[in-house]
Amino acid sequence: MCGIVGYIGKKNATEVVLNGLQRVEYRGYDSTGIAFIKNKSIQIYKKSGRLTQLLSVVQPDDNITNVAIGHTRWATHGIPNDSNAHPHSDNHNNIAVVHNGIIENYRNIKTMLLQKGYNFSSDTDSEVLAVFISSIYDEQINKDITEATRLALAKVQGTFGLLVISKIEPNKIVCARRGSPLILGIGEDDNEFIVASDQTAIVDYTKKVIFIEDDEMVVISNDGYYLKTLDNIAIKTKETSLIEFELGQLEKGGFEHFMLKEIFEQPETIMNATRGRMIQELGEIKLGGLSDFTDILTNMKRIIIVACGTSWHSALIGEYLIESLARLPVEVEYASEFRYRNAPLLDTDLVIAISQSGETADTLEAIREVKRQGVPVIGIVNVVGSTIARETNAGVYLHAGPEIGVASTKAFTSQVMVLLLLSIHLGLLHNKLSSNKAKKLIAEINKLPLQINKILSNKDKIKDIAIQLASSPNVLYLGRGLGYPIAMEGALKLKEISYLHSEGMPAAEMKHGPIALIDKNMPVIVVAMGEQDNKIWSNVEEIRTRGGRIILIDNEGNSAGRVNKEDIIIEVPRSVIEVSAILGVIPLQLLSYYVANHLGREIDNPRNLAKAVTVE
């Protein structure tokens with residue numbers, strides 16, 4: 001959600017920033033802009049719409065400078081238009097800012113500034129911040145843009161990832177964060193810096209990074225960088241890290257869309273999620289990130305999983321797996337609700353937070369609430385070095401690589417895979433799972449890459465089904481047991497990228513209202529997979545009786561003698577039920593993709609959506 005890029009160094013800063021903005025397009029946005037210092041003045045270009053609109057009015061070769069900041073905006077305050085796009089400047093055009101986050105008390109600050117004679121040209125909270133910083137700067141005897149920014153942020157309520165440049169102090173960028181990610185990339189000569197909200201904007205230029213923490217500032221210039229807190233306390237040392245992924249992982253690799261590429265990467269990403277973590281001959285699971293957490297894992301009595309969106313669906317699967325294999329009670333909570341519920345936590349509880357990006361605002365705040373209550377929390381995240389990865393007590397990385405498509409695919413199946421490994425591990429620790437059972441599960445897991453490839457090879461049939469589905473304004477997804485969260489995830493994928501209305505629900509709940517919707521125009525996708533077999537087929541008969549169009553996801557050979565000639569069936573390889581969730585979701589991902597592609601949707605950047613939701 002929103003992207004920030006800033007650069008200072010020997011390269012053409014406008015070119016670096018525009019390239020960085022292209023890298024963070026996948027996060028979701030509705031307008032773009034860039035500001036740079038040239039001929040002792042700040043020049044700002046910004047446009048609503050895609051980055052191509054901005055590139056039509058600003059060319060790097062015509063605007064060579066060594067300092068620039070840029071932004072891709074996802075609207076919160078003010079509709080998407082040129083005026084509300086970032087960067088924003090003050091009334092004198094002395095400074096420019098780009099801002100991720102939300103300033104909650106901007107109305108009070110704006111009222112105060114209006115009374116002082118300042119004016120505004122946009123509807124955004126971010127312009128208020130720019131003018132506020134400038135007003136403090138105007139009142140300073142010893143002019144200092146760093147101190148003016150710090151003093152302004154001391155009075156701000158809300159979240160921010162912020163970059164500030166000033167034509168009066170042209171050779172520096174002031175950066176600060178609270179609740180919105182910010183990363184400093186350090187160039188090879190240590191006098192070149194790129195700061196961004198996402199590692200993907202940095203990896204073109206350097207892999208050496210520093211993760212800025214909440215309530216920290218970093219000031220970068222041609223002379224180097226220094227860090228301090230918003231309380232004006234110097235930070236003398238800061239650990240550097242290395243970006244782990246390669247630049248080639250950010251390319252489409254011959255696929256039409258990143259989403260399709262990432263669907264087809266799943267045989268590999270499943271292997272990456274399990275590599276070095278399974279010992280089949282011993283029936284053991286080794287999760288290095290939890291190696292110092294064994295006592296807590298052994299002694300805890302209840303698990304609470306917090307997540308949002310697709311990660312919440314993987315959490316539901318995790319609930320089934322942990323309760324089945326480890327016989328531990330599990331509760332799954334929307335992080336956005338859990339953080340405000342004042343839910344009672346016990347000393348014997350364990351909280352698991354799941355997030356692809358590791359920056360999801362509601363999940364992060366839920367973690368902080370849990371930690372305030374003294375309860376241990378582990379993270380399951382994909383992005384190495386992300387805020388959730390740093391703030392949880394321990395955790396497990398997915399190792400799925402960068403996921404560029406906004407609609408999550410490979411990260412979802414990797415989350416399910418890690419949750420299955422964790423469930424086996426907990427089952428063994430709590431003596432609820434035999435070594436022989438663990439060995440059998442590991443053997444089935446090892447078959448997954450080949451089984452996924454078999455499903456992917458059936459893409460043409462799924463594409464044909466998708467074309468038939470594309471004319472339906474509504475689609476219902478049903479499942480039982482593990483099929484229920486898979487049905488919900490399939491419905492979410494369809495609505496995310498095709499904009500068709502779809503709903504996923506437990507199959508038995510169909511009779512409690514939704515059955516009224518079923519007629520010959522209502523396609524019903526049933527995730528069978530052998531789960532509660534006789535019951536799911538009873539639901540299929542109820543749909544048929546009312547003329548519903550059935551698309552069945554089932555194990556190979558399981559539907560023989562049960563399907564009518566009007567039914568459409570997509571078969572997946574047989575596996576044990578604990579593994580089947582991963583197999584069942586693959587055709588639903590492909591189905592959603594091909595429906596959206598047939599309808600001409602912008603698949604990798606669907607409207608109104610962001611890859612990482614970093615505001616509430």
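Predicted model: local features only at pLDDT ≥ 70, side-chain atom pairs only at ≥ 80, totals over all residues.

Student: How do I read two packed helices?

Tutor: Two packed helices are described by the angle between their axes and the distance between the axes. Helices (H or I, at least four residues) and strands (E, at least two) are DSSP runs, numbered from the N terminus. Axes are lines fitted to C-alpha atoms, for helices over the stretch in contact, and angles run from 0 to 180 degrees between N-to-C directions.

Student: At what angle do the axes of H9 and H13 cross?

Tutor: Roughly 20 degrees, and the axes of H9 (residues 309-326) and H13 (residues 410-429) come within 9 Å. That makes H9 roughly parallel to H13. Angles under 35 degrees count as roughly parallel, over 145 as roughly antiparallel, 65 to 115 as roughly perpendicular and the rest as oblique. H9 passes H13 in a right-handed crossing. A crossing is right-handed if the near helix is turned clockwise from the far one by less than a right angle, and left-handed if anticlockwise.

Student: Which residues make the contact of H9 with H13?

Tutor: Contact means heavy atoms within 4.5 Å. Among them are Ile 317, Gly 318 and Leu 321 of H9, and Val 416, Leu 419 and Leu 420 of H13. By class, the contact has 12 nonpolar, eight polar and no charged residues. Ala, Val, Leu, Ile, Met, Phe, Trp, Tyr, Cys and Pro count as nonpolar, Asp, Glu, Lys and Arg as charged, and the others, Gly among them, as polar.

Student: What is the angle between H13 and H18?

Tutor: H13 and H18 pack at about 175 degrees, with axes 10 Å apart. They are therefore roughly antiparallel to each other. Phe 412, Thr 413, Val 416, Met 417 and Leu 420 in H13 meet residues of H18 including Ile 582, Val 585 and Ile 586.

Student: How do H15 and H18 cross?

Tutor: The axes of H15 (residues 459-469) and H18 come within 8 Å and cross at roughly 55 degrees. That makes H15 oblique to H18. The crossing is right-handed.

Student: Now cavities. How many of 30 Å³ or more does the search find?

Tutor: Rolling a probe the size of a water molecule over the atoms shows where empty space is left. On a 1 Å grid over the protein atoms alone, a cavity is a set of points where a 1.4 Å probe fits but cannot get out; lining residues have an atom within 4 Å of a point. Grid points are joined across faces, edges and corners, and a volume is the space filled by probe spheres set on the points. Here there are two cavities of 30 Å³ or more.

Student: What lines the second largest cavity?

Tutor: It has 10 lining residues; Leu 482, Gly 483, Met 529, Ser 580 and Ala 581 lie nearest its centre. H18 (577-598) supplies the largest share, three residues.

Key: Residues numbered from 1 in each chain as written. Heavy atoms only, no water. 1 Å grid on protein atoms, 1.4 Å probe; cavity = no way out; pocket = protein on both sides within 12 Å on 5 of 7 lines; lining within 4 Å.
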